[in-house]
Amino acid sequence: MRTLTRLDTQNRHARRELDDKIKGDGPLARHTVTINGRCHAGQSSIHESAEKHVSGKAAYIDDLVLPADALHIALGLSPVARGMLTRLDLDAVRLAPGVIDVITFHEVPGHTDIGPVFPGDPIFVETDISYAGQCLFAVAATSLHAARRAVKLAIVDIDEQPARLDPVAATQCEELVRPTHVQERGNCQEVLQQADQVIENDLFIGGQEHFYLEGQACVVLPTEDDGVIVHTSNQHPSETQKLVAEVLGIALHAVTVEVRRMGGGFGGKETQASPWACIAAIIARRTGKAARLRLPRSEDMHVTGKRHPFHNRYKLGFDDQGVIQGGEISLIGNCGYSPDLSDAIVDRAMFHADNAYSLGSARVTGYRAKTNTASNTAFRGFGGPQGMMIIEAAMDDIARHTGTDPLTIRKRNLYREGRNITHYGQTVDQCQLLHTLIEKLETDSAYWSRRKAIAQFNATSPVLKKGLALTPVKFGISFTAQHLNQAGALLHVYTDGSVMVNHGGTEMGQGLHTKICQVVALELGLDLAQVRITATRTDKVPNTSPTAASSGADLNGMAVRDAAIKLRERLFDFAAAHFEIGLDREGMHLEDGMLVAGLGESERKIPWGELVQTAYLNRISLSEKGFYATPLIHYSRTTGQGRPFYYYAFGAAVSEVSIDTLSGEYQVDRVDILHDVGNSLNPAIDIGQVEGGFLQGMGWLTTEELKWNDKGVLVSDGPATYKIPTFGDLPDTFNVSLLEGHPNSMASLYRSKAVGEPPFMLAISVWSALRDALSSLTDYRISPRLDTPATPERILLASQALRVKTL
């Protein structure tokens, strides 16, 4: 009730503010709270497109106005998961009303394989069909309706073969998209032979659909010089530029890719946004007309890859205190039909198979299984969440085996001085911060008193059971492919003092552009309103890395800061030499729209606008480019050792759940999160990222279940059959805090830490709490098997299995 009252007060305030200011068909968005115009990096500020989002002014790909003769594209897709294409008769399709062009594998003028890293992704099927939903042909028509009707007229004959859908069987038969990789430190076999106790188990971890609000979409415009301009919802414009150029058989400079914003990406638009741009580009070049392609939700889910499902197994030796001495962990990633990004994704799962714990002498093996499904791809966490799940399962299993609280076992195994080197050879910096963070959350959430109350409740409640779990996160920040850890930026100051900035990162709702503007405002001492950001374009900042690996602000923010500092120093040099009275170059700084020099009575201030105008009249450049490359990182795949991450981000969450053991239904009652972002660049946005990441992770582990039929056709292909979290799934109590007073030990952007992916894995605490509640059925003696997603059906089956064991 208090929350409703507060919202009503804000709404009344907003309505008063809008009186006599309504224009057009609807009210313009206004702030309902006063925002300091001088917000800069380190302070909370609204998203740079917030008003556009709520007013409907923010333009997405399907909002772009096209020429009247623009073409609309529909795709012909394979209905089977594996087979040989024996006949493709498109004569009726070409003659259908409104159809302008039809293309297949044979109409591609350049490269036909658009694999982003390794070959294996044909733009169209030539003969071999590898998954249900693979693209056979494309139709361009004067309307989308006409294109979709024409697709149905195709005559397609396929020699169907049994689909291979089992990644474990594929691994045993060595049907892999990439070679197996091993990371090893110490002699794990010797440790297992000598350990006081040994435990082993396995776990299936389900995949996840990206379910971005804006689906895959692009618009391609032909240019007068035989090139194309590509507007796309895309996390990696430079890669799309390269692939479009290769498919068309033209130079990269003839292709310009632009991304203003995405309606969500989560990794699903890192590599898998490119095929649609390539298809639209071919049609645009062949017809000389603008071409639009957007996938309906069901088609999107059939043709694009998901988060990799994993089959993981561990065998660990530990002492009587539950402290791990060493062991083996194997990870089998279901990669789908082609490599895509699976090599790096399974690598990152291997890097995070320890999560926050010292494994001692350990060997981690990663397999990349080939199956007849869409090629699985990047998803928030990039394999890290799947890797962490197996060690978190082991923590719970060891706790039940030794009769100890799971939190105690977790704390005993945390990285610490003397045990601070990972199985891939990197030293965990700031490992004491893990202990500090967990101890603070343990106290603030009243973990031990709640643990006692829950045990008492469960002892007297035969049907309803409660569970509690605190799980940590240690997540490595950097691209594991070294060359991707670079970024560029372009900064312009205009003669009225306004600033335009462009960089290689893309905005998908995460607030990257907002933080970039804050960096410029801080370095140049300006109001945030004086800084504007432009769409990401390959003709402004070239050769960019994808906006992924949580590195968007780390890389692009540093590149923008580099440009701003160089421009600022040039203006300081000019001011010191030019102004008649003379300014003291030492100590000169920009603040509140002024250049300030000198101290006390000798202090002099020059307005920013005057400084810029004077510099222009004296032919001083007011434009600058910036660049940044992450230092120190390296990794050898030959030895499986190195330093793949610049630093680690930490976090922890406490989740409390209630389950009905007779129906399997459950709810998340309370969540407490404490997350480490170093010196936050924007606390409001960072807290939003933590909240959103946690809820998305909770969906992955509880409600989001992907289902294929026996023939390999996806059947959970829409919101009716695939359940993402909703407002009703929010915990009744949801406390989120950022850890303060602990800046990044590495020289990152203002000593901040990345916040995009690490919070996702905090949701493992919900899954662990569900296991805790189930374990109470056996008086906490047995650790239940609970594959993910932990749907009510799986909860019910687990509770029934535990009751059988206790008879």
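Which residues in α19 meet which residues in α20? On the α19 side they are Leu770, Leu774 and Ser775, and their partners in α20 are Ile795, Ala798, Ser799 and Leu802. Before going further, keep in mind that this is a predicted model.

## Helices around α19

Sorted by class, the contact of α19 with α20 has five nonpolar and two polar residues, and no charged ones. Helix α20 covers residues 792-806, and its axis lies 10 Å from that of α19, at an angle of about 35°. The crossing of these two helices is right-handed.

Helix α19 (residues 764-775) also packs with α11, which spans residues 384-402; their axes come within 11 Å and cross at roughly 30°. That angle makes α11 roughly parallel to α19. Here, too, the crossing is right-handed. From α11, the residues involved are Pro385, Met388, Met389, Glu392, Ala393, Asp396, Asp397 and Arg400, and they meet Ile764, Trp767, Ser768, Arg771, Asp772 and Ser775 in α19. This contact of α11 with α19 counts six nonpolar, two polar and six charged residues.

Here are the two contacts by class:

| α19 with α20 | five residues | two residues | no residues |

## An open sheet

Elsewhere in the model, eight strands make up an open sheet with mixed pairing, and their order is β3-β5-β1-β12-β9-β10-β11-β20. At the edges sit β3 (99-103) and β20 (536-537), each of which pairs on one side only. Strand β20 runs antiparallel to β11 (residues 255-259), and two bridges join them. In that pairing, glutamate 258 stands opposite arginine 537 of β20.

Two helices go with this sheet. Helix α4 (residues 144-151) packs on it and touches β1 (71-77), β3, β5 (135-141) and β12 (291-294), with a direction about 25° from that of β1. Helix α7 (residues 237-248) lies across β10 (228-232), β11 and β20, and runs at about 145° to β11.

## Salt bridges

How many salt bridges does a search of the whole structure find? The count is 50. As a rule, side chains of opposite charge can pair when their charged atoms come close.

Key:
Residues numbered from 1 in each chain as written. Predicted model: local features only at pLDDT ≥ 70, side-chain atom pairs only at ≥ 80, totals over all residues. Heavy atoms only, no water. Axes fitted to C-alpha atoms, helices over the stretch in contact; angles between N-to-C directions. Helix = DSSP H or I, 4+ residues; strand = E, 2+ residues; numbered from the N terminus. Parallel < 35°, antiparallel > 145°, perpendicular 65-115°, else oblique. Left-handed = near helix turned anticlockwise from the far one by under 90°. Contact = heavy atoms within 4.5 Å. Nonpolar A, V, L, I, M, F, W, Y, C, P; charged D, E, K, R; others polar. Pairing = 2+ DSSP bridges. Salt bridge = Lys/Arg side-chain N within 4 Å of Asp/Glu carboxyl O.
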